[in-house]
Amino acid sequence: MTFQLESVPESTVDEMKEINARLAAAGLPDPTTAEGLAVLRGTTFQVPVATELTPVDRTASGPAGEASVRIIRPAGPVHGVVFHVHGGGFVLGAPTDDDAVNDLLARTAGVAVVSARYRLAPEHPFPAHLDDCLAAAVWLAGAVEEEFGTDRIVVSGYSAGGHLAVQTLLRLRDGFPELFRRFVGASLVFGVYDLARTPSSRSAAPDTPVLPPRWIGQFVGMAFPGLGQEQLRDGDVSPLYADLHGMPPALFTVGDRDPLLDDSLFMAARWRAAGGASELAVWPESPHGFVGMTPPTGVPAQRRINDWVKALLSEG
């Protein structure tokens, strides 16, 4: 495992500290109430950035069921495909949330980005979200050559999407081995891999910016209702406890102010111990969701991710 504590200028550190203070002071709704959930679902967490490419929404059917996806193609040749899963604590979000980061990825790495649309909790608890991601991944892997002229796919996931990206890989490996071999890498960004909570999650302060500890517990309770601590540690629920053999190379990206820091630290180590290559990039003074939300460290982190994806796909 390669561990990199990313270096940024001192002025950037100071700027991030000011941003974190403002984020920590922000009022936070209660997602377990209808009013609070509506507020959160109507909130934009990304910094608005102009895009150049035109996304296309599509519904397709495959061996694992019907899939709803959002596709962003580069203007030039397609050198590979990124299968992307958005975040939102399993209860928020949509593929449109990541249009800006996916647009930049498509343009700078020369890849098509296919984002999965999945059902949200609490209306649709586990395993609905994972079933939808699997359906989209199976369709993509089966149609990728005809649709995009390549057979190389990198899976990408942010926050809850990181969790779903890994679980989708595991389901592909065990249920669709031929299709699984088309996934040549994984970019996993501030993911949650232990729903029973890692030490950094359990010890987070109530005013932790962006993702306070009460939200973590509430999101898990809404998406995985009725599951106790031991059930949450089952590998079919929390990928940190799964058998990780056969996984493709992975880049883990996380901020050191993220309560999910340990999730990435532990997952990157287990990934490598199971035989997979893993890199871990930890960004200073960066909160949960910083890629796309806090430009001082989010922009260089996104550049690092895009360069890694481009280099990985160019190997083929």
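A cavity is taken here, on a 1 Å grid over the protein atoms alone, as a set of points where a 1.4 Å probe fits but cannot get out, and its lining residues have an atom within 4 Å of a point. The model is predicted, with local features needing pLDDT of at least 70 and side-chain atom pairs counting only at pLDDT 80 or more, while totals for chains, interfaces and linings use all residues. Residues are numbered from 1 along each chain as its sequence is written, and side-chain values use heavy atoms, with hydrogens and water left out.

By this rule there is one cavity of 30 Å³ or more. The largest cavity has a volume of about 60 Å³, the space filled by probe spheres set on grid points joined across faces, edges and corners. Its lining consists of Val82, Val101, Asn102, Leu105, Ser156, Tyr158, Ser187, Ile305, Asn306 and Val309. Two or more of the lining residues come from each of H3, strand S6 (153-158) and H11. By class, the lining holds six nonpolar, four polar and no charged residues (Ala, Val, Leu, Ile, Met, Phe, Trp, Tyr, Cys and Pro count as nonpolar, Asp, Glu, Lys and Arg as charged, and the others, Gly among them, as polar).

Now to the helix pair. Helix H3 (residues 99-109) packs against helix H11 (residues 295-314) at an angle of about 45°, with the axes 10 Å apart. Contact, meaning heavy atoms within 4.5 Å, involves Ala100, Val101, Leu104, Leu105, Thr108 and Ala109 of H3 with Gln302, Asn306, Val309 and Lys310 of H11.

Technical notes. Axes are lines fitted to C-alpha atoms, for helices over the stretch in contact, and angles run from 0 to 180 degrees between N-to-C directions. Helices (H or I, at least four residues) and strands (E, at least two) are DSSP runs, numbered from the N terminus. On a 1 Å grid over the protein atoms alone, a cavity is a set of points where a 1.4 Å probe fits but cannot get out, and a pocket is an open set with protein on both sides within 12 Å along at least five of seven lines; lining residues have an atom within 4 Å of a point.
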